[in-house]
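Work through these exercises with the model open beside you. Try each task before reading its solution.

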Amino acid sequence: MIQCPRGTRDFLPDEMERRRFYEGRLRDTARTFGFREVETPIFEDSELFILRSGPNVLKELYAFEDKGGRSIALRPEMTAPVVRMFVNGMSNDPKPIKVFYFGQCFRYERPQSGRYREFFQFGAEIIGVATPQTDAEAIATASAMLKALGLKDYRLRIGHIGVLRQRIADIGVPQERTAEVLQKLDKKLYDEARPILADMGVSDDDMEALFKLTETVGGTEVLSEVPGEAGDWLRQVVAFLDAMGVRDVEIDLGVVRGLDYYTGMVFEAEAPALGAEKQICGGGSYTLSELFGGERVFSTGFAVGFDRALLALEKEGASYENAGIDAYVICASDDMRVEAARIAASLREAGVSADIDIMDRKMAKAMKFASSAGARFAVIVGARDLENGEVTLRDMTSGEQRQVPVGELAGRIRA
Ligand code: HAM
């Protein structure tokens, strides 16, 4: 038996319906905050992702050469594609540009619970402005999305990559090795960072002070410990969030982020119930446009890891009830099949979701099927009823049955 490729999943109808339901909630929230939807190709020139992160990123990409000899990659995320789209066709539009997207991304990672090779992101970008209020808008949108999903147990942590970058530069780390250090700090791998920093001539005291800085965590009161402009910036972000009623945030200077295009505020949300792969949302402010041939434009955005957010909901015991269908049309005898088809068609025409027995089942079996399909009503088409222009309408929950004129059927079901 052929299975789907490692790290990918099939979504069966029940699961797919649940996913669409939650996707709808995220979409509604994005629109409420003034974002408009965009879509970009699932594959791009590999260059788009290599430009910022270097050729090493190829290891994590699904990249291949197409028949024309071009190096192509399945998108590992959607920020770079959206910024490319902006540079190509939106750079003259009035700013800020607020867009959102939902789609699958591909990363060649070791699959485990909550980590897939094909996964879905719901993201949003505010392009063309860098102010504390912009950052607050992005964080508030993300927070509203997590709430709209119905998630209860999560932490939203805000940091500032500028603080760490500055400190790393101040203690003598050469610019081209900053990413290497940040990577270790991101994972809190201090023991692995020590020899690297020592190799660069960083003193033990400076090292420990750097690690301590990444441990600056707490409520907004710790903002007083955040030095310089970054501290002022974050204080303003938090003030805007407070004005918007977003108070479920923590400050954490240890938020480093895996991707290296961030320049200022960075934030993450995690759902502790998920264990190792608990990060359900990540974002921050960045610039990328100048790399893709445009002017340097500041942006802030984030992406919710849709699959993980849904896993977290499941862990919290949130249940989703399938919508089922309004009606299931059954014929009382074989000679009624054409009439039954006519009635099903009239229901569909009236906007009532109706399915019909096409398996030539006997009544009892057809009724059982209607029940398993989640039908709210069974419509039984019998010769004697039809002579009077009626059918039998059965409420599948209460079992109550009554004769209803065919002309009133759709209205009764909808009511
Ligand atoms: P990211 O943190 O790499 O950021 O990914 C965003 C979210 O996608 C993560 O928080 C996580 O929930 C989910 N995710 C990542 N990898 C996987 C995986 N292998 N399986 C399942 N879920 C995964 C970005 O991608 C940035 N583009 C976010 C952003 C937008 N920054 C600015 N604008």
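**Exercise 1.** Is the crossing of α7 and α8 right-handed or left-handed?

*Solution.* The crossing of α7 and α8 is right-handed. A crossing counts as right-handed if the near helix is turned clockwise from the far one by less than a right angle, and left-handed if anticlockwise. The model is predicted: local features need pLDDT of at least 70, side-chain atom pairs count only at pLDDT 80 or more, and totals for chains, interfaces and linings use all residues. Residues are numbered from 1 along each chain as its sequence is written, and side-chain values use heavy atoms, with hydrogens and water left out.

Step 1: find the helices. Helices are DSSP runs (H or I, at least four residues), numbered from the N terminus. Here α7 spans residues 190-199 and α8 spans residues 204-214.

Step 2: take the angle. The two axes come within 11 Å and cross at roughly 140°. Axes are lines fitted to C-alpha atoms over the stretch in contact, and angles run from 0 to 180 degrees between N-to-C directions. α7 and α8 are therefore oblique to each other. The classes are: under 35 degrees roughly parallel, over 145 roughly antiparallel, 65 to 115 roughly perpendicular, the rest oblique.

Step 3: list the contact (heavy atoms within 4.5 Å). From α7 come Tyr190, Ala193, Arg194, Leu197 and Ala198; from α8 come Met207, Glu208, Leu210, Phe211 and Thr214.

**Exercise 2.** How do α5 and α6 pack, at what angle and with axes how far apart?

*Solution.* Step 1: α5 covers residues 161-170 and α6 covers residues 178-186. Their angle is about 125°, with the axes 11 Å apart.

Step 2: name the class. α5 and α6 are therefore oblique. The crossing is right-handed.

Step 3: name the residues. Ile161, Leu164, Arg165 and Ile168 of α5 meet Thr178, Val181, Leu182 and Leu185 of α6.

**Exercise 3.** Which class of orientation do α6 and α7 have?

*Solution.* Step 1: α6 and α7 pack at about 160°, with axes 8 Å apart. That makes α6 roughly antiparallel to α7.

Step 2: check the hand. α6 passes α7 in a left-handed crossing.

Step 3: the contact includes Glu180 and Lys184 of α6, and Glu192 and Ile196 of α7.

**Exercise 4.** How many residues surround the ligand?

*Solution.* Step 1: the count is 26 (a heavy atom within 4 Å). The closest are Glu77, Thr79, Glu109, Tyr262 and Gln279.

Step 2: take one polar contact (a pair of N or O atoms within 3.5 Å). A backbone N or O atom of glutamine 279 is 2.7 Å from a ligand oxygen atom.

Notes. Helices (H or I, at least four residues) and strands (E, at least two) are DSSP runs, numbered from the N terminus. A polar contact is a pair of N or O atoms within 3.5 Å; within protein, one must be able to donate a hydrogen and the other to accept it, and residues adjacent in sequence count only if both atoms are side-chain atoms.
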